[in-house]
Amino acid sequence: MATSGSKSVTVTSWDTLRFTWEEKSQSIPTNTTTITWKLQLIATSDGAINSSASKTWTVTINGTQYTGTNTVGIGNNSTKTLASGTTTIGHNTDGTKTFNYSFSQQFDITFNSWIGTISGSGSGTLDTIPRKSSLTASNGTLGTSQTLTISRNSASFTHTITYKCGTASGTIATKTTGTSVSWT
């Protein structure tokens with residue numbers, strides 16, 4: 001699993017277009033992760049671009065598309081953020097999630113040769129979100145103590161265990177953090 005990732009593509013011999021993402025927060029109740037992302041232009045010692053015209057950028061994350069305009073003018077030995085944002089991504093029912101992303105930036109400049117729109121794509125794997133716990137119990141005998149085993153998927157989970165047998169019902173444990181409970 002990863003909490004961040006990046007993808008870089010070449011614009012010129014001295015310039016790179018880079019997309020980065022990073023986990024910001026996760027929600028166990030909603031089974032989602034919120035990430036922050038950036039589209040950046042990185043120029044080395046001879047990478048200055050003189051351009052003040054409005055250019056179009058596009059970023060697609062897990063099927064959600066963002067678009068806008070910017071300028072790609074940049075000085076030597078500089079990093080410029082062309083676009084940034086926050087996206088919330090839903091996980092699979094088991095708490096796992098791998099998502100795809102793509103990005104493009106219009107340049108439409110001549111830098112030794114014509115440079116049109118530069119694009120790239122990649123994928124990222126988010127940290128797994130803990131899902132529901134499971135309870136294991138053997139076939140018990142009335143009046144005989146047995147152990148109920150709780151397999152919890154997060155140390156922060158608590159569990160309330162109840163029983164029902166015919167018209168009889170009750171509570172065995174309330175908001176326990178234990179992984180086993182003895183019950184007769």
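I began with strand E4 (residues 55–61), which seven bridges join to E5 in an antiparallel run. Strands here are DSSP runs of E, at least two residues long, numbered from the N terminus. Two strands pair if DSSP finds at least two bridges between them. I noted that Ile-61 stands opposite Thr-64 in E5.

This is a predicted model, with pLDDT of at least 70 needed for local features, while totals for linings use all residues. I number residues from 1 along each chain as its sequence is written.

Next I looked up the sheet. It is open, has four strands in the order E5-E4-E7-E8, and pairs antiparallel. Strand E5 (64–70) and strand E8 (113–125) each have a single partner strand, so one side of each lacks a neighbour in the sheet.

Then I checked phi. Asn-62 is not a glycine, yet has a positive phi of about 50°. I found Asn-62 in the loop between E4 and E5. Asn-62 is partly exposed at 32% relative accessible area (buried is under 20%, exposed over 50%, partly exposed in between; 1.4 Å probe, protein chains only). Lys-175, also other than glycine, has a positive phi near 50°. Lys-175 sits in strand E12 (residues 168–176) and is exposed, at 62%.

Last, I opened the largest pocket, with about 260 Å³ of space. A pocket is an open set of points on a 1 Å grid where a 1.4 Å probe fits, with protein on both sides within 12 Å along at least five of seven lines; lining residues have an atom within 4 Å of a point. Among the lining residues I listed Tyr-163, Cys-165 and Trp-183. The lining divides into five nonpolar, six polar and no charged residues.

Technical notes:
Predicted model: local features only at pLDDT ≥ 70, side-chain atom pairs only at ≥ 80, totals over all residues. Heavy atoms only, no water. Points joined across faces, edges and corners; volume = space filled by probe spheres on them. Nonpolar A, V, L, I, M, F, W, Y, C, P; charged D, E, K, R; others polar.
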